[in-house]
Amino acid sequence: VALLLLLFLSLAFPSAPAESRSNAAATDWTTMNSNADHTNYVAQDQIGASNVQNLRLAWTFPLPAAPRVPGLSLAGEGSISPPLVVNGTVYLVTNYLTVYALNGETGGVLWSYSPALNTTGLPLGPLVGHMHGINYYRGDVWVSMPDCSADALDALSGRLVMRIPEICQGIPGS
């Protein structure tokens with residue numbers, strides 16, 4: 001997973017300065033797995049057989065050790081979720097539910113967010129940390145939580161702007 005993240009970051013942020021990029025939207029990944037159909041396909045012609053040897057590691061982000069999250073049984077440390085890239089910022093979520101916003105040029109942490117989970121009155125068994133992805137929509141990073149809620153975070157500040165609780169309540173078999 002870490003190697004895949006590093007490869008993705010190398011491809012998403014070529015060594016050319018930000019000003020020289022002709023279209024920032026062409027390098028954005030705003031949904032899980034790159035597009036609305038979640039296919040992981042991105043049409044690109046920036047990297048090919050003639051220049052692949054010029055790729056270089058720009059930075060790494062070692063994920064911190066998983067902290068104890070009250071009410072959450074961890075499925076493992078790290079992240080299995082593909083990152084988002086929006087306007088030069090990389091967003092990723094860990095298996096212990098922390099969301100990070102990283103500067104795409106330097107790898108520096110811009111902000112992080114750790115949710116408080118509702119562990120009472122849920123129609124679920126033990127909550128398990130296992131995140132498949134996050135999405136970007138209209139300036140917010142959306143995260144679905146194992147407690148049947150969804151959080152919207154302001155993409156610039158990481159501030160919680162909306163929480164939709166109990167989205168699975170009343171759904172048979174949930």
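A residue counts as buried under 20% relative accessible area, as exposed over 50%, and as partly exposed in between, using a 1.4 Å probe and protein chains only. By that rule, 38% of the chain's 174 residues are buried. This is a predicted model, where local features need pLDDT of at least 70, side-chain atom pairs count only at pLDDT 80 or more, and totals for chains, interfaces and linings use all residues. Numbering starts from 1 along each chain as its sequence is written, and side-chain values use heavy atoms, leaving out hydrogens and water.

Switch to cartoon view. You'll find 2 helices and 10 strands, which are DSSP runs numbered from the N terminus (helices: H or I, at least four residues; strands: E, at least two).

Next, pick β2, β3, β4 and β5. They form an open, antiparallel sheet in that order, where pairing takes at least two DSSP bridges between two strands. β2 and β5 are the edges, each pairing on one side only. Zoom in on β4 and β5, which are joined by 4 bridges; A101 sits opposite W111 of β5.

Now for the largest nonpolar core, with 27 residues: such a core is a set of buried Ala, Val, Leu, Ile, Met, Phe, Trp, Tyr and Cys residues joined through side-chain atoms within 4.5 Å. Select Y91, V99, L102, W111, I134 and V143, the residues with the most contacts inside this core.

Finish at Y91. Beyond its neighbours within four places in sequence, what does Y91 contact? Among its partners are P83, Y100, W111, I134 and A155, with contact meaning heavy atoms within 4.5 Å.
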